[in-house]
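Here are my notes for you, point by point. Keep the structure open while you read.

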Amino acid sequence: MATRTSQAALSAPLPVLKRLLPVALLTIAAAWTSTSAKAADEIVIGASIPLSGPLAGFGSFQKWGYSRAVDEVNKAGGITIDGRKMPVRLVLRDDKTDPNVTAANTESLLSRDQARALLGSCTPALVNAGALVAERKKIPLVTGCNPLEAFKSVRKWNYAWDLFFHEPELAAIPFRVLDDLKLETNKKVAIFHDNGPDGQVVGGMLWPQMAKAAGYEVVQNASFPVDNTQFNSLVAEAKAKGAEVVLVDAITPQAVSIRKQIASAGYAPKLLVIEKGAEPVQFAEALGKLADGVLVGGYWDPSFPYPDAKDLATAFESETKLTFSQHIADSYAAAQILLDAIASAGSLDPEKINAAVAKTDKTYVVGPIKFDESHTAKLPLAMLQWQGGKTSIVWPADRATGKILFPVP
Amino acid sequence: MTVLTTSVPERSLLLYHPFVRVAVAGISFAALMAAPSFLPAYFVEIGFKLLLYIVLAEAWNLLAGYCGLVSLGSSSFFGLGAYLTVGLLNHTDSGIGLALAASALVAMALALVMSRGLFRLRGLYFTVGTLALAEALRLLVVNVPWFGGASGLFVSADLPEIAELFRDAALLLVVTSLVMTLATGSRFSVLLRAVRDDEDAASQVGVRAFRVKLAALMVASALIAIAGGLQAIKLGAIEPYGSFGLQWSVDPLAIVIIGGLGMRFGAIVGAIFFVAVGELLAEYPELHVAITGVILIILIRCAPRGLCGLLETALRRAGLTKVASS
């Protein structure tokens, strides 16, 4: 047994802890105060986006689009606020594809980083979680990447604004393509859709209605959980019922599984549309040749006749050495709309910025943007098809950049 | 041989005097309730998150640290609390307090119903069983239309301010601390540890292991459900992937391991560390997951008894605490 003297005891690790505690507290306090001080000299815009988790693919495109718009403004000298040019600082946080984190991040962006305006995340669950916080705090938030009906169904928005595609228009495209391009099928349709917000609307409601109106018979309409991985029984049923048109609404991992399981079942529908999941380049990378012939609705392509459309894709591909995605365009446009609104308001007052966003009426890289009374702006749509690892526009005829592969190879 | 160091007895006695403990607890509670009035909004928000994490970690510590029930099912009760609270707020006139209390009762009932099956499993099998429960509940909520499917539900009532929610969370923490003090400082704590250390031996000497485990599970479930309800009210919107997300099971586990498994202040110290690291690394979204992982590995390697274990060793060396040695 050993007893210690007080002196020996106090020379043990405790003093180290004693010294470290104030240092740690001071560091946290200094970090917070320096953030507040910085915020007074610059315009802080915050965005919580999915940089990890299942939607990290979308988040990386959004990050590039948001950053490019901010960088351009800063290169031009910033934005004049109350007669003084101020730089813009974009603060990005990773929401890990979790709405809880999106909400927490959005709160921190406002309280810690003193963000004066916000940009949105991606997909309804994430965007809505951040937008609800913005709404409570009365801070304007501009977003893309959230289908308009899913956005409108949450509440009447006062401070959140969304530019994206409208689900009824997206749902109508396959039937318009079949009709306009005079594609012959047996008019039997199988629908597979997840039970996420847009999956339920597009797959569960709109496609069956539109198929009936266009004279098609829906022989199967199957709903599955968003994270389902086994589709063999669904595919087997569609094959057994002889559906030559297959319409799918699923996120990318599920979209890849469905395409593979269709192929492994020896099932060869003539037309295969995979909304949502077939959009990012990761879909084609994961499938290789199996991606060829898959159709997906699109709201943007560098060939669209809008300002800077071609330059945007070229800049993305030269900077990142990756294939562009539509999401670089809606995120770039969302950031430009917000920055234009701040410049137009000439103030950092959130109410004035919000009023300026409401007055937006300009053609951006995604087309003409003017928000309606429900705070939404529709992006015009086209039908894209994967061909040799790239997408070609196959409909409408006046925008087509390639000829449709039909039936699916 | 068990001995007590006596070099600085005055300081030890003062720290352990019941009156001092009650006074410190009272002052801490008063400070917590007053905090939202003078703290900047950012600290109130972080404070709310911290309080919630402490409650979740305390509940997990009660189960795993004291009773040996290593659960990965916290998210099931968290999500249940979130959905019940939102459902009650949307469809009844119950206030927040009543909705949270009802959620706690339903969570206890679920724990009671599931206990027969879960307690037939031991060790890793129990852990997997709790994980399966969380997954089953999530899939139920996703597939049953009443719960809004993957889209979830929105709170239709007016949401309270963050200051009010902070005070609610502080009250929940006080209740949790009282429960934990009772559970770990009474005869019940001996029963818990007996079951944890050797359930069969404990049963042989008359401990009713099933009842002990059931009590721990029901109490922990109620606390977790209330925490879930508070989080749902704060968000104003819930959906199954977020509310039943695995992070609500894994984060409390990480917090307790960082703070000190089975140690009275392990949950608090671990939660402070966890939240502080998360906030300090928030500026580096691409790196923060990797850096947090590295910190965890270093901590587990260098401090297997957690930060509280390190602190206890330091205090023991300083002679500021009673120590058992042989």
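1. Helices are DSSP runs (H or I, at least four residues), numbered from the N terminus. This is a predicted model, where local features need pLDDT of at least 70 and side-chain atom pairs count only at pLDDT 80 or more, while totals for chains, interfaces and linings use all residues. Residues are numbered from 1 along each chain as its sequence is written, chains are lettered from A and ligands numbered from 1 in the order in which they are written, and side-chain values use heavy atoms, leaving out hydrogens and water.

2. Now look at chain A, where helix α13 (residues 327–345) and helix α14 (residues 350–358) pack at about 120 degrees, their axes 8 Å apart. That angle makes α13(A) oblique to α14(A) (under 35 degrees is roughly parallel, over 145 roughly antiparallel, 65 to 115 roughly perpendicular, and the rest oblique).

3. Who touches whom here? Contact means heavy atoms within 4.5 Å. On the α13(A) side you'll find, among them, A:Ile337 and A:Leu338, and on the α14(A) side, residues including A:Lys352 and A:Ile353.

4. Over in chain B, helix α4 (residues 74–91) and helix α10 (residues 209–235) pack at about 55 degrees, with axes 7 Å apart. So α4(B) is oblique to α10(B) as well.

5. Last stop: A:Thr252, in helix α10 (residues 252–264) of chain A. A:Thr252 is buried, at 14% relative accessible area (buried is under 20%, exposed over 50%, partly exposed in between, with a 1.4 Å probe and protein chains only). Skipping neighbours within four places in sequence, A:Thr252 is in contact with A:Gly277, A:Pro280 and A:Phe283.

Conventions: Helix = DSSP H or I, 4+ residues; strand = E, 2+ residues; numbered from the N terminus. Axes fitted to C-alpha atoms, helices over the stretch in contact; angles between N-to-C directions.
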